[in-house]
Amino acid sequence: MTGLSQILKQATGVIAARGDGVLLYDEDDRRYLDFTAGIGVTSTGHCHPRVVEAAQRQVATLIHAQYTTVLHRPLLTLVERLGKVLPPDLDRVFFTNSGSEAIEAALRLSRQATGRPNVVVFHGGFHGRTVGAASMTTSSTKFRSGFSPLMGGIHVSPFPDPSHFGWPVEQATEFALAQLDYVLQTVSAPADTAAFFVEPVLGEGGYVPANERFLAGLRERADAHGILLVLDEVQTGFGRTGKFWGGDHFNALPDILVTAKGLASGFPLSGMAASSALMEHAWPGSQGGTYGANAVACAAALATLDVIEDERLVENSANRGAQLRQALQTVSGKHQQITDVRGLGLMLGSEFRDADGKPDPTTAAAAQREAARRGLLLLTCGAWSQVVRFIPALVVTADEIDEAAALWADAVDAVVS
């Protein structure tokens with residue numbers, strides 16, 4: 001009998017039959033609060049009527065029009081609309097299907113534009129599972145082990161993670177910047193370094209935000225040495241953090257921005273944005289692909305932008321995120337095993353550590369499973385999977401936040417003595 005690969009491990013046992021907003025229903029019609037959003041993908045919730053209508057209308061007229069063969073109106077309109085939300089000067093976009101592919105495109109552009117072989121990534125970052133992207137990923141060995149040799153030219157520098165170092169954020173930041181200078185002095189000379197790749201908030205690495213001083217330090221060094229700054233906004237983009245882009249919290253100005261996940265509310269679509277002057281350095285034939293900028297995905301992305309704007313979902317993310325943070329902090333205040341609540345907007349994590357201060361993935365997993373049993377779907381992240389993450393759709397209501405918080409509190413009470 002054929003089945004799924006046994007290596008695929010499900011976070012829950014739910015077999016989803018239908019979805020509506022933040023809610024999922026299984027085949028027995030049991031209701032669940034989905035605070036996973038397909039790992040941050042269903043930004044406008046499950047089956048938002050405007051997204052459904054746009055996709056249905058597009059399916060009836062044109063499904064696939066390969067965009068280096070022919071153009072189509074949803075693609076051209078999407079490019080125009082993205083110009084209104086992208087950071088200044090990023091006026092050219094290349095589309096593909098997944099975050100990994102867009103990261104690979106940014107890597108290729110960085111090397112071609114600078115003529116330099118190396119890139120610097122930051123410890124705890126997740127950039128994807130394809131060979132190049134996995135070579136740049138350091139959030140866990142599970143994403144990069146077992147298929148060596150990985151791609152060369154990747155060098156790792158510390159990320160300012162106060163929880164990991166046990167230092168105040170200022171000290172962690174100064175250490176991270178000093179170590180970056182050391183990497184540039186000892187491992188990858190600036191003249192050999194094409195780009196810095198960084199997430200505004202570590203995703204798989206544990207929902208650790210960057211900060212303004214750190215990203216300003218990267219910008220300063222990039223400008224001084226002709227290095228490109230690439231923001232990986234795959235998980236943090238499209239309102240997830242309470243601003244449209246995660247980098248907006250820190251006044252970060254990237255040379256290249258990568259987006260995916262929430263871009264099309266569940267349809268496969270990702271993009272890499274850069275300036276026209278920079279994109280001109282890409283070699284002919286270096287950008288392409290069969291399914292990128294699929295007409296239905298582009299139509300869904302346009303509807304997603306409409307919903308985000310009309311329903312003020314970026315503002316809702318900030319407000320509901322503040323409400324959720326307060327609720328999670330209330331729970332953490334009652335349990336010493338939860339040592340940190342962190343993140344931005346509706347991208348929040350609760351970190352579990354044991355009595356010795358070491359990461360505690362066992363309790364984190366138990367709390368995640370107990371929450372699912374009670375009707376709240378969550379995921380874990382972090383190097384040891386010691387962080388339980390909360391990433392509901394941006395349409396989540398105050399009542400749904402309160403309900404989720406109560407379920408979380410009961411789940412933690414049930415598994416923590």
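User: In which sense do strand β12 and strand β15 pair, and over how many bridges?
Analyst: Strand β12 (residues 347-352) pairs with strand β15 (residues 387-390) in the antiparallel sense, over four bridges. Pairing here takes at least two DSSP bridges between the strands, and helices (H or I, at least four residues) and strands (E, at least two) are DSSP runs numbered from the N terminus. One caveat: this is a predicted model, where local features need pLDDT of at least 70 and side-chain atom pairs count only at pLDDT 80 or more, while totals for chains, interfaces and linings use all residues. Residues are numbered from 1 along each chain as its sequence is written, and side-chain values use heavy atoms, with hydrogens and water left out.

User: Which residue is the bridge partner of Glu 351 in β15?
Analyst: That's Val 387.

User: And what is the strand order of the open sheet?
Analyst: The order is β11-β12-β15-β14, with antiparallel pairing. β11 (338-344) and β14 (379-381) are the edge strands with a single partner strand each, so one side of each has no neighbour in the sheet.

User: Changing topic: is Ser 110 buried or exposed?
Analyst: Ser 110 is buried, at 0% relative accessibility. The cut-offs are under 20% relative accessible area for buried and over 50% for exposed, with partly exposed in between (1.4 Å probe, protein chains only). Ser 110 sits in helix α4 (residues 99-114).

User: What does Ser 110 touch?
Analyst: Leaving out residues up to four places away in sequence, Ser 110 touches Ala 194, Ala 195, Phe 197, Leu 228, Val 230 and Ile 256. Contact means heavy atoms within 4.5 Å.

User: How far apart are Arg 57 and Glu 53 along helix α2?
Analyst: They are four residues apart, so about one helical turn separates them. Arg 57 is partly exposed at 48%, and Glu 53 is partly exposed at 39%.

User: Which residues of helix α2 are buried, then?
Analyst: In α2 (residues 49-59), those are Val 51, Ala 54, Ala 55 and Gln 58. Pro 49 and Gln 56, on the other side of α2, are exposed.
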